[in-house]
Amino acid sequence: MHPDDFLIQLKATSNPRKQRNLEIIHAVCKEQLDRGSKDFTVATIAKYAKVAGGPAASTIRNKTGDDFKALIATWTAHAGGEGKKVRPITDDPM
């Protein structure tokens, strides 16, 4: 599903405050794509969203942030980007 369509679907069942936050996250993700960035981690999206008056990373990560996470995941899939950053595993314990 295209992120624009998914946003419309999410907003249909949300209150006005959540709709505004969804729009902010949607705009931030679109800007990431326009910049050519593949970084759609919650930390990165939340950093830019917070500047725009959107939700903080903790709000997105909470149970009530499932719609925010789903929207970010949709953008990640659409852009072929990266969601969670994974630390490389090394044999050296130090």
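**Figure 1. Overview of the predicted model of the protein chain.** Among contacts in the protein chain with a separation of 6 or more, 58% are between residues 24 or more positions apart. The secondary structure consists of 5 helices and 0 strands. Read from the N terminus, the order of elements is α-α-α-α-α. The protein chain has 94 residues, and 34% of them count as buried.

**Figure 2. The contact of helix H1 with helix H2.** H1 covers residues 3–11 and H2 covers residues 16–35. The axes of these two helices come within 10 Å and cross at roughly 170°. An angle over 145 degrees counts as roughly antiparallel, and H1 and H2 are therefore roughly antiparallel to each other. Their crossing is right-handed. On the H1 side, the contact is made by Pro-3, Asp-4, Leu-7, Leu-10 and Lys-11. On the H2 side, Gln-19, Leu-22, Glu-23 and His-26 take part. Sorted by class, the residues of this contact are 4 nonpolar, 2 polar and 3 charged.

**Figure 3. Asn-15 in the loop between H1 and H2.** The relative accessibility of Asn-15 is 46%, so the residue counts as partly exposed. A polar atom of the Asn-15 side chain lies 3.1 Å from the backbone nitrogen of Arg-17.

Figure 4. Apart from neighbours within four places in sequence, Leu-10 is in contact with Leu-22, Asp-67 and Leu-71. Leu-22 belongs to the H2 side of the contact with H1. Asp-67 and Leu-71 are among the H5 residues that meet H2. Ala-70 is 60 residues away from Leu-10 in sequence, and the C-alpha atoms of the two residues are 9.4 Å apart.

**Figure 5. The contact of helix H2 with helix H5.** The two helices pack at an angle of about 20°, and their axes are 10 Å apart. Angles under 35 degrees count as roughly parallel, and H2 and H5 are therefore roughly parallel to each other. The crossing of H2 and H5 is right-handed. H2 contributes Lys-18, Asn-21, Leu-22, Ile-25, His-26, Cys-29, Lys-30 and Leu-33. These residues meet Asp-67, Phe-68, Leu-71, Ile-72, Trp-75, His-78 and Ala-79 of H5. The residues of this contact comprise 9 nonpolar, 3 polar and 3 charged. Leu-22 and His-26 of H2 also take part in the contact with H1.

**Figure 6. Thr-41 in the loop between H2 and helix H3.** Thr-41 has a relative accessible area of 9% and is therefore buried. The side chain of Thr-41 makes a polar contact of 2.9 Å with the side chain of Asp-39.

**Figure 7. The buried residues of helix H3 and the residue Gly-53.** Val-42, Thr-44, Ile-45, Ala-46 and Ala-49 are the buried residues of H3. They pack against H2, helix H4 (57–61) and helix H5 (66–79). After H3 comes Gly-53, which has a positive phi, near 90°.

Definitions and conventions
Residues are numbered from 1 along each chain as its sequence is written. This is a predicted model: local features need pLDDT of at least 70, side-chain atom pairs count only at pLDDT 80 or more; totals for chains, interfaces and linings use all residues. Side-chain values use heavy atoms; hydrogens and water are left out. Helices (H or I, at least four residues) and strands (E, at least two) are DSSP runs, numbered from the N terminus. Buried means under 20% relative accessible area, exposed over 50%, partly exposed in between (1.4 Å probe, protein chains only). A polar contact is a pair of N or O atoms within 3.5 Å; within protein, one must be able to donate a hydrogen and the other to accept it, and residues adjacent in sequence count only if both atoms are side-chain atoms. Axes are lines fitted to C-alpha atoms, for helices over the stretch in contact, and angles run from 0 to 180 degrees between N-to-C directions. Angles under 35 degrees count as roughly parallel, over 145 as roughly antiparallel, 65 to 115 as roughly perpendicular and the rest as oblique. A crossing is left-handed if the near helix is turned anticlockwise from the far one by less than a right angle, and right-handed if clockwise. Contact means heavy atoms within 4.5 Å. Ala, Val, Leu, Ile, Met, Phe, Trp, Tyr, Cys and Pro count as nonpolar, Asp, Glu, Lys and Arg as charged, and the others, Gly among them, as polar.
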